[in-house]
Amino acid sequence: MLSENEARDAIIVALDCDRETALGLADSLAGHARWVKVGMTLFYRYGPAIVDEMRGRGLNVFLDLKLHDIPFQIHGAAFSASLSGADILSIHGLGGAAMAAEARAGVEEAAAERGGERTRLVAISVLTSMDAEALASIGVADPVEVEVARLAALAVGAGSDGIVCSPQEAAQMRELLGPDALIVTPGVRPAGAAVGDQKRIATPAAAIAAGASKLVIGRPITGAADPVAAFEAIVAELAE
């Protein structure tokens, strides 16, 4: 399905823990993993320094902050997040086209200031913890896949490089957004792993086959007795 090199580059290890644990995992996975996710748990407590620490270990960083505010605020937030060293940054598709456009302007401004490649943007569509019943409870009557497609088209049309969606929508997103779109899928669980609070899930191989670019995998790796072995098992699955 993928080469070993491609498989390693496809996996983003989610570090939703404290700094000491995150750095220990990063040190263990160095030379194996290439990407980590720094989300709200780490960033809100430790700030941009945690991104620097991951980058200093040779890891690329998906900064998953799900930015969602008025366009003016998002311009500044995306600019600041990009300066922290994020390789990929998440915004929320529900913020609308103007917000996505300002996020794009912010990361472009940061790239011009610091030099180097621009931080790529991905827009959150529908959280993987939500299903049709959960959407209906907040007033969204359309099926999940319709809402995901609506938000994806809006965000990418306004400057986002791609979308965050569950593996169940990955094929639809690949067809809608084309071959170059960045499709990031949480809700990825190796066979036999605990599901937790995510409802729309798939195995790593199934997510890649459906069209995902990158897989966000946390607890099946970070909670394993041997995180490196768990990571390598997923690489082997994808490279079969």
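1. In which helix does Gly24 lie? In this predicted model, Gly24 belongs to helix α2, which covers residues 19–29. Computed along the chain is one thing and across space another: Gly24 and Ala78 are separated by 54 residues in sequence, while their C-alpha atoms are 28 Å apart.

2. Eight of them close into a barrel, running in the order β1-β2-β3-β4-β5-β6-β7-β8 with parallel pairing, and from one strand to the next the twist averages 25°. As one example of this pairing, strand β3 (residues 60–67) and strand β4 (residues 88–92) are joined in the parallel sense over three bridges, and Leu63 has Leu89 of β4 as its bridge partner. Helix α12 (residues 227–238) packs on the sheet, where it touches β1 (11–14) and β8 (214–217), and the direction of α12 makes about 155° with that of β1.

3. Turning to charged side chains, the count of salt bridges comes to 13. Side chains of opposite charge can pair when their charged atoms come close. One of these pairs is Glu4 with Arg8, whose closest N and O atoms are 2.9 Å apart. Both residues belong to helix α1 (residues 4–10), and because they are four residues apart there, about one helical turn separates them.

4. Which side chain meets that of Lys37 in a salt bridge? The partner is Asp16, with an N to O distance of 3.3 Å. Lys37 lies in strand β2 (residues 35–39) and Asp16 in the loop between β1 and α2, so this pair ties together parts that are 21 residues apart in sequence. Lys37 is buried, its relative accessible area being 11%, while Asp16, at 43% relative accessibility, counts as partly exposed.

5. A further salt bridge joins the side chains of Arg150 and Glu147, at 2.3 Å from N to O. Both residues lie in helix α8 (residues 144–157), where they are three residues apart, or about one turn of the helix. Arg150 counts as partly exposed at 40% relative accessibility, but Glu147 is buried, with a relative accessible area of 8%. Elsewhere, salt bridges that share partners connect Asp16, Lys37, Asp64 and Lys66 in one network.

6. The largest nonpolar core has 67 residues, and the members with the most contacts inside it are Ile11, Val13, Leu15, Met54, Leu63 and Met173. Setting aside residues up to four places away in sequence, Val13 touches Leu29, Ala33, Trp35, Val36, Lys37, Ile217, Ile221, Thr222 and Phe231. A second, separate core has 11 residues, including Ile12, Trp35, Phe62 and Leu182.

How values were computed:
Residues are numbered from 1 along each chain as its sequence is written. This is a predicted model: local features need pLDDT of at least 70, side-chain atom pairs count only at pLDDT 80 or more; totals for chains, interfaces and linings use all residues. Side-chain values use heavy atoms; hydrogens and water are left out. Helices (H or I, at least four residues) and strands (E, at least two) are DSSP runs, numbered from the N terminus. Two strands pair if DSSP finds at least two bridges between them. Axes are lines fitted to C-alpha atoms, for helices over the stretch in contact, and angles run from 0 to 180 degrees between N-to-C directions. Contact means heavy atoms within 4.5 Å. A salt bridge is a side-chain nitrogen of Lys or Arg within 4 Å of a carboxyl oxygen of Asp or Glu. Buried means under 20% relative accessible area, exposed over 50%, partly exposed in between (1.4 Å probe, protein chains only). A nonpolar core is a set of buried Ala, Val, Leu, Ile, Met, Phe, Trp, Tyr and Cys residues joined through side-chain atoms within 4.5 Å.
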